[in-house]
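Hi everyone, thanks for making time. Let me put a model on the screen and walk you through a few parts of it.

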Amino acid sequence: MTDAIRLLQELVSIPSVNPMGRPVQAEHRYEWPLTSYLEDFFRRLGLAYERQPVAPWRENIVAFFEPERPTGRILFEVHQDTVPAEDMTVPPFAAQIVDGKLFGRGACDVKGAMAAMLAVLARLVRERPRQAAALTLACVVDEEYTFTGVQELVRRGLRADLAIVAEPTRLQVVVAHKGAVRFRIHTEGRACHSSQPWLGTNAILRMGRVLTALEEYADGLRRQPADPLLGLPTLNVGVIQGGITSNIVPHRCTIELDRRLLPNESPQQALEDVMAYVRRYPRVDFPVLCEPPWLALPGLDRSGNSEAARRLSRAVAKVLGTAEVAGVPYGTDASTLAAAGIPSVVFGPGDIAQAHTADEWVSIAQVRQAEEILYHLVTDTA
């Protein structure tokens with residue numbers, strides 16, 4: 001028998017850190033050790049699978065279960081990568097169990113759900129139900145930073161009747177989430193000695209005017225009508241960089257922005273709206289340069305996934321007695337799959353409040369419940 005908690009311990013013990021544009025320890029970089037583990041798992045089950053190169057040391061791996069009488073095809077999609085593990089207060093890869101919780105980097109986001117999905121796959125192979133949905137399990141890379149894994153999955157034309165995208169939802173059925181567009185903007189000046197600043201142009205002071213405009217723009221977003229499930233769109237300035245030393249007038253300043261979108265908003269249009277507001281702001285009387293976004297993720301609209309939500313909710317109710325439907329403010333791979341024509345909902349054990357934390361953990365009970373729910377979903381022929 002393949003136990004979900006044993007699987008979870010093994011998954012957490014394998015570092016699969018996404019550098020997210022930063023240097024990390026070489027032995028902990030990228031998803032390739034976990035991909036190799038998954039390949040061995042699928043091979044031992046006797047399943048057909050494929051590896052999909054995405055970038056050096058980074059490959060999606062996709063496995064296929066085909067029952068005797070398929071009732072359709074369901075996609076389980078889960079990401080292999082975790083955020084970095086520096087400064088954790090628990091051993092990040094020890095997978096310790098204390099008081100019904102398993103601790104470690106990725107335990108909540110999202111290896112608890114991955115363990116449940118792997119356990120379902122092993123159970124289907126073992127029990128061979130005559131009637132069940134054909135199941136595709138796609139384990140993708142780079143969800144935590146630029147979503148290149150799911151983009152490659154979609155590019156290859158994968159099809160399914162519905163998709164369950166793994167994220168920590170406390171076993172709620174998430175039918176909508178926000179999107180995001182992330183980009184950098186720059187102000188430029190002219191460097192000179194700080195003892196004669198009038199001979200130069202201070203790019204950081206120019207950026208100060210841009211920041212004032214952005215603050216007013218963000219205030220305007222808060223005055224819009226709120227989405228009943230997702231609330232309001234938002235804007236955050238998360239990084240500022242500029243200057244070399246205090247006795248040089250800085251010639252350049254850069255900020256990084258995160259604009260969270262409602263499902264009816266276009267990432268590119270949202271970026272253009274931000275820049276148009278900044279450039280017409282009265283005190284911004286100098287060029288403001290904008291790079292193309294490094295992330296443009298649409299939101300997930302509930303209008304296209306009602307049948308997927310109904311089927312998953314029925315499976316949840318069989319195990320928990322009732323099912324809750326929700327929306328969340330963060331982004332997932334589900335919106336990319338939905339844009340490719342696969343009705344998608346988000347589901348998994350754990351709470352987003354524990355994701356990325358210094359003592360990240362997931363409830364063992366919820367992992368076991370998630371396995372039962374997902375097995376009911378695949379084998380429900382109603």
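Which residue caps the N-terminal end of H1? Asp 3 does, with a side-chain oxygen 3.0 Å from the backbone nitrogen of Ile 5. A polar contact here is a pair of N or O atoms within 3.5 Å; within protein, one must be able to donate a hydrogen and the other to accept it, and residues adjacent in sequence count only if both atoms are side-chain atoms.

Some housekeeping: this is a predicted model, where local features need pLDDT of at least 70 and side-chain atom pairs count only at pLDDT 80 or more, while totals for chains, interfaces and linings use all residues. Residues are numbered from 1 along each chain as its sequence is written, and side-chain values use heavy atoms, without hydrogens or water.

Staying with helix H1 (residues 4–12), Ala 4, Ile 5, Leu 7, Leu 8, Leu 11 and Val 12 are buried, meaning under 20% relative accessible area with a 1.4 Å probe, protein chains only. Helices are DSSP runs of H or I, at least four residues, numbered from the N terminus. Among the elements covering those buried residues are helix H2 (32–45), H3 and H9.

H9 (residues 364–379) holds Val 378, which is buried at a relative accessible area of 0%. Leaving aside neighbours within four places in sequence, Val 378 is in contact (heavy atoms within 4.5 Å) with Ile 74, Phe 76, Leu 124, Ala 132, Ala 133 and Leu 135. The C-alpha atoms of Val 378 and Gly 72 are 9.3 Å apart, although 306 residues separate them along the chain.

Methods:
Helix = DSSP H or I, 4+ residues; strand = E, 2+ residues; numbered from the N terminus. Buried < 20%, exposed > 50% of the residue type's maximum accessible area, 1.4 Å probe, protein only.
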